[in-house]
Amino acid sequence: MMVPANERLAALTNREEELLGLIALGWSNGMIGERLWLSPKTVETHVRSIFSKLDLPPSPQQHRRVAAVLVYLEAREPAARRTSHAA
């Protein structure tokens, strides 16, 4: 059974979710590091942790950055719908 995206996203720390948001904007690890004042190694550590917590193991059939962004967007979609209907 697949865990809902919002539950998977809840496993991330605030910093990991912040990084995932920047990944969703198409930012490279280098750009993320510059923006958040993190070393390249620290960014890589956070990205690996995101993949692990979202249960995205290395796979030749799937690009993990894209898969992580899809989880992020899916988890955010219900909130976006509520906001647009409230307006």
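At 36% relative accessibility, Glu18 counts as partly exposed, a class lying between buried (under 20% relative accessible area) and exposed (over 50%), as computed with a 1.4 Å probe on protein chains only. Glu18 forms a salt bridge with Arg15, the closest N and O atoms being 2.9 Å apart, where a salt bridge is a side-chain nitrogen of Lys or Arg within 4 Å of a carboxyl oxygen of Asp or Glu. Arg15, at 30% relative accessibility, is likewise partly exposed. Both residues belong to helix α2 (residues 14-24) and are 3 residues apart, about one turn of the helix; helices (H or I, at least four residues) are DSSP runs, numbered from the N terminus. An α-helix has 3.6 residues a turn, so residues three or four places apart point the same way.

This is a predicted model, in which local features need pLDDT of at least 70 and side-chain atom pairs count only at pLDDT 80 or more, while totals for chains, interfaces and linings use all residues. Residues are numbered from 1 along each chain as its sequence is written, and side-chain values use heavy atoms, with hydrogens and water left out.

The search of the whole structure finds 3 salt bridges. One of them joins Glu16 to Lys53, with the closest N and O atoms 2.9 Å apart. Because Glu16 lies in helix α2 and Lys53 in helix α4 (residues 40-53), the pair ties together parts that are 37 residues apart in sequence. Glu16 is buried, with a relative accessible area of 4%, whereas Lys53 is partly exposed at 33%.

Another salt bridge brings together the side chains of Glu17 and Arg76, at 2.0 Å from N to O. Since Glu17 lies in helix α2 and Arg76 in helix α5 (residues 64-86), this pair ties together parts that are 59 residues apart in sequence. Arg76 is partly exposed, with a relative accessible area of 34%, and touches Leu9 and Glu17, not counting residues up to four places away in sequence; contact here means heavy atoms within 4.5 Å. The C-alpha atoms of Arg76 and Asn6 are separated by 7.5 Å, although the two residues are 70 residues apart along the chain.

## A buried arginine without a partner

Which side chain of opposite charge is nearest to Arg8? It is Asp55, 5.7 Å away, and Arg8 is buried yet has no salt bridge; in this count Lys and Arg are positive and Asp and Glu negative, while His and the chain ends are not counted. Arg8 is found in helix α1 (residues 5-10), and its contacts, leaving out residues up to four places away in sequence, include Met2, Val3, Lys53, Leu54 and Asp55.

## The nonpolar core

The largest nonpolar core has 22 residues, of which Leu19, Leu20, Ile32, Ile50, Leu54 and Ala68 touch the most other members. Such a core is a set of buried Ala, Val, Leu, Ile, Met, Phe, Trp, Tyr and Cys residues joined through side-chain atoms within 4.5 Å. Helices α1, α2, α3 (29-36), α4 and α5 each supply at least two residues of this core, and α5 gives the most, with 6 residues. Ala68 touches Leu20, Ile50, Phe51, Leu54 and Leu56, not counting residues up to four places away in sequence.

In α3 the buried residues are Ile32, Gly33 and Leu36. They cover an arc of only 100° around the axis, which puts them on the same side of α3, the arc being that of the directions from the helix axis to the C-beta atoms. The face of α3 turned away from this buried side carries the exposed residues Glu34 and Arg35.

## Positive phi in the loops

Most residues other than glycine have a negative phi. Trp37, however, has a positive phi of about 55° although it is not a glycine. Trp37 is placed in the loop between α3 and α4 and, at 79% relative accessibility, counts as exposed. Asp55 has a phi near 60°, again a positive value in a residue other than glycine. Asp55 is found in the loop between α4 and α5 and is exposed at 60% relative accessibility.

## Confidence

The mean pLDDT of the protein is 90, and 87% of its residues reach 70 or more, pLDDT being the predictor's confidence in each residue, from 0 to 100. Confidence is lowest in α5, at a mean of 79, and highest in α4, at 98. Where pLDDT is low, the predicted coordinates should not be read in detail.
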